[in-house]
Amino acid sequence: AGHIVARIDTAEADARLAEKLADLEAAKAQLALAEKNRVNQEELLAQKFISQNAYDSTLSTLRVAEARLKAVEAQVTLARKALDDTAVRAPMGGVVAQRFAQPGEKVSVDARILSIVDLSELEVEAAVPASDIPSVRIGQEVSFRVDGFGTREFKGRIARINPEARAGTRSILVYAVIPNRDRALRSGMFAKGEVTISRT
């Protein structure tokens, strides 16, 4: 999780950040000049060399410069964020299962780049006849076997039960969470198993 798995060309983001940083320097210089003018005008006002209206105008220019500086600072923050977003980071720990884009390929903003799977815990989806659903509860133990693993038995617990039957069938999907610490199981495998309804 957090590792960089892809990088988007930064040329545009770099140029935008450089432009905003230049605007920031200009805004700071304008603010410094406006503040210097305010100090000078305040001294002239105290000596009655200028009118109150002239001083108020200088003060207004200062407020405008302060507001512009804040606006440019916000734009710089956004430009930095856009540059940071050019590094695509894994949202979780796992393994890259599929790559949907090749280096140098142009992709849209919402296009998939990679598929990452976490094999430490898998979810098993099973169709249960609706007539058996009253006996099934969240938390019940499930056990199953997978082709290729011989007599090895995997165990887990029911995590959720679909609230409605599948269209055109009389079955309801049940989902069980299976620990897979040794990463023996893979996504997409088929399994046969059973649910333990009760113990005596």
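How many aromatic pairs does the structure hold? There are two, where rings of Phe, Tyr and Trp (its six-membered ring) pair if their centres lie within 6.5 Å; planes under 30 degrees apart count as stacked, over 60 as edge-to-face and the rest as tilted. Keep in mind that this is a predicted model: local features need pLDDT of at least 70, side-chain atom pairs count only at pLDDT 80 or more, and totals for chains, interfaces and linings use all residues. Residues are numbered from 1 along each chain as its sequence is written, and side-chain values use heavy atoms, with hydrogens and water left out.

**Aromatic rings**
- Phe-144 and Phe-154 are stacked, at 5.7 Å centre to centre with 25° between the planes.
- Phe-149 and Phe-154 sit with ring centres 5.4 Å apart and planes at 90°, so this pair is edge-to-face.
- Phe-154 is buried, with a relative accessible area of 5%, while Phe-149 is partly exposed at 24% (buried is under 20% relative accessible area, exposed over 50%, partly exposed in between; 1.4 Å probe, protein chains only).

**Nonpolar core**
- The largest nonpolar core has 15 residues, and Phe-144, Phe-154, Ile-178 and Leu-185 have the most contacts inside it.
- Such a core is a set of buried Ala, Val, Leu, Ile, Met, Phe, Trp, Tyr and Cys residues joined through side-chain atoms within 4.5 Å.
- Leu-185 touches residues including Leu-119, Phe-149 and Asn-180, not counting those up to four places away in sequence (contact means heavy atoms within 4.5 Å).
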